[in-house]
Amino acid sequence: MAVSIELLKYPFSVEARSAVQRMANDVGSLITILKEPGNNDLVEEAEERVYAAITQSEIKVPEIDRDEALLVYQAARLIVEKVCLNLNRPGLRSIQAEAESKAVNKHLSSERDRVVRSLCTDSLGWQIESTGTTIERSRLPLSLRSFEYRIRFEDFLEVAPSFRSMRWKLINRHLDAGWVPIRKSELHRLMSGKFKKLIIQSEIRVPTLPRRLTEAVQRFESEMETRRKEREPTEYTDESVSAFPPCISQLHQDSINQKNVPHFGRFAMAAFFFKIGMGKDEMMKIFRAAPDFIQSLASYQIDHIKGKEYEPPKCKTMQDRGLCPVALRTAFDSLCIYILHPVQFYETRSWENSKGITDHSWYARKRTRRQNF
Ligand code: SF4
């Protein structure tokens with residue numbers, strides 16, 4: 001019999017968990033099922049699911065037309081747990097959790113109200129209530145009309161503090177006798193956030209895996225290893241410095257000459273350096289020369305910029321902030337006319353350096369003019 005699509009979309013639902021329990025009540029029996037040659041398709045789909053999670057592509061609902069399709073998510077969790085253990089990279093679980101949570105959020109966005117409410121109450125144990133139809137809500141104060149639900153504040157607080165935006169702080173919410181009004185999309189975010197939390201907290205003790213799963217784990221490990229190598233910091237050499245655009249070059253010089261660099265300048269430099277692959281240690285060496293250098297603060301700021309994967313500011317922003325020496329007419333490089341971003345400058349100049357090209361007249365022939373100074 002084909003399994004219900006809801007169970008496949010929401011692996012945290014009480015129905016999905018009960019169905020899985022009936023088929024495999026522990027990791028050992030799950031592995032026994034996955035070992036059967038007739039279930040190779042489950043492992044294949046699980047591998048695809050893990051790959052989608054790691055590459056941040058869309059996680060699809062399994063297309064296997066039998067109850068065992070529910071074990072695809074379980075098998076994907078097993079693969080990731082084994083890789084976390086083998087590579088000593090527990091962070092992979094968070095990456096998988098983030099991707100799985102995004103998939104759930106997407107499913108919820110087109111889900112029927114009845115299913116959403118049942119997931120909240122029966123599967124997550126939350127108390128939620130509808131705030132009425134659009135007509136009924138039109139009688140509420142204007143500031144409350146767009147909230148389709150209310151949720152108990154203790155359930156709201158289970159997940160909301162893990163979100164960064166200020167709108168998730170309880171202090172910024174309307175609170176009425178312990179109930180927090182919430183929009184439909186916010187409820188979906190809380191639900192998928194709870195699923196993410198459940199995955200992060202669910203460490204699995206994975207025993208030795210059968211051959212087919214071990215092969216999947218090995219393929220995945222080698223993929224992770226390739227990605228790690230690709231991301232390894234590039235060496236910071238005189239050649240890379242010579243490819244810096246005038247703006248970064250100026251900030252870099254000011255830093256090593258112990259001049260005060262404005263906060264935005266430091267941010268622009270750090271984001272640029274990460275983008276071109278410079279490691280944190282190299283960056284700390286540059287920032288260390290600043291007169292107001294505080295090791296712990298600089299380290300925190302660098303980690304923060306890296307963690308959030310901030311994009312380095314484009315030329316327009318640098319100019320608005322008074323950090324473009326070409327616009328200020330204190331420096332000039334003709335390449336700046338043909339780019340819109342300091343990283344584009346760096347990529348082109350690095351390529352020229354690698355080919356020994358010193359004649360820049362080709363810009364005018366091959367490139368479109370992008371900026372006027
Ligand atoms: S034009 Fe862009 S790349 Fe060139 S110095 Fe100004 S901000 Fe930097």
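Student: Does α4 pass α5 in a left-handed or a right-handed crossing?

Tutor: This is a predicted model, in which local features need pLDDT of at least 70, side-chain atom pairs count only at pLDDT 80 or more, and totals for chains, interfaces and linings use all residues. Residues are numbered from 1 along each chain as its sequence is written. Helices are DSSP runs of H or I of at least four residues and strands runs of E of at least two, numbered from the N terminus. With the near helix turned from the far one by less than a right angle, anticlockwise being left-handed and clockwise right-handed, the crossing of α4 past α5 is right-handed.

Student: How are α4 and α5 oriented to each other?

Tutor: The axes of α4 (residues 40-54) and α5 (residues 71-87) come within 8 Å and cross at roughly 60°, on a scale from 0 to 180 degrees between N-to-C directions of lines fitted to C-alpha atoms, for helices over the stretch in contact. Angles under 35 degrees count as roughly parallel, over 145 as roughly antiparallel, 65 to 115 as roughly perpendicular and the rest as oblique. The two helices are therefore oblique.

Student: Which residues of α5 make the contact with α4?

Tutor: Contact requires C-beta atoms, placed from the backbone, within 7 Å. The α4 side contributes Leu-42, Val-43, Glu-45, Ala-46, Glu-47, Arg-49 and Val-50. The α5 side contributes Leu-71, Val-72, Ala-75, Ala-76, Ile-79 and Val-80.

Student: How are α5 and α6 oriented to each other?

Tutor: Helix α6 (residues 91-109) packs on α5 with the axes 8 Å apart and an angle of about 155°. Val-80, Val-83 and Cys-84 of α5 meet Leu-92, Arg-93 and Gln-96 of α6. At that angle α5 and α6 are therefore roughly antiparallel.

Student: Which strands stand at the edges of the open sheet?

Tutor: The sheet has 3 strands in the order β1-β2-β3, with antiparallel pairing, where a pair needs at least two DSSP bridges. Strand β2 (residues 149-152) is joined to β3 by 4 bridges, and Tyr-149 stands opposite Ile-182 in β3. Each edge strand has a single partner, so one side of it is left without a neighbour in the sheet; the edges are β1 (128-130) and β3 (179-182).

Student: At what angle does α10 run to β2?

Tutor: Neighbouring strands of the sheet are turned by 25° against each other on average, direction ignored. Helix α10 (residues 184-201) lies across β1, β2 and β3, and its angle to β2 is about 35°.

Student: How far apart are the C-alpha centres of domain 2 and domain 3?

Tutor: An automatic or database assignment supplies the domain bounds. Domain 1 covers 5-104 + 199-226, domain 2 covers 111-188 and domain 3 covers 238-366. Between the C-alpha centres of domain 2 and domain 3 the distance is 45 Å.

Key: Contact = placed C-beta atoms within 7 Å.
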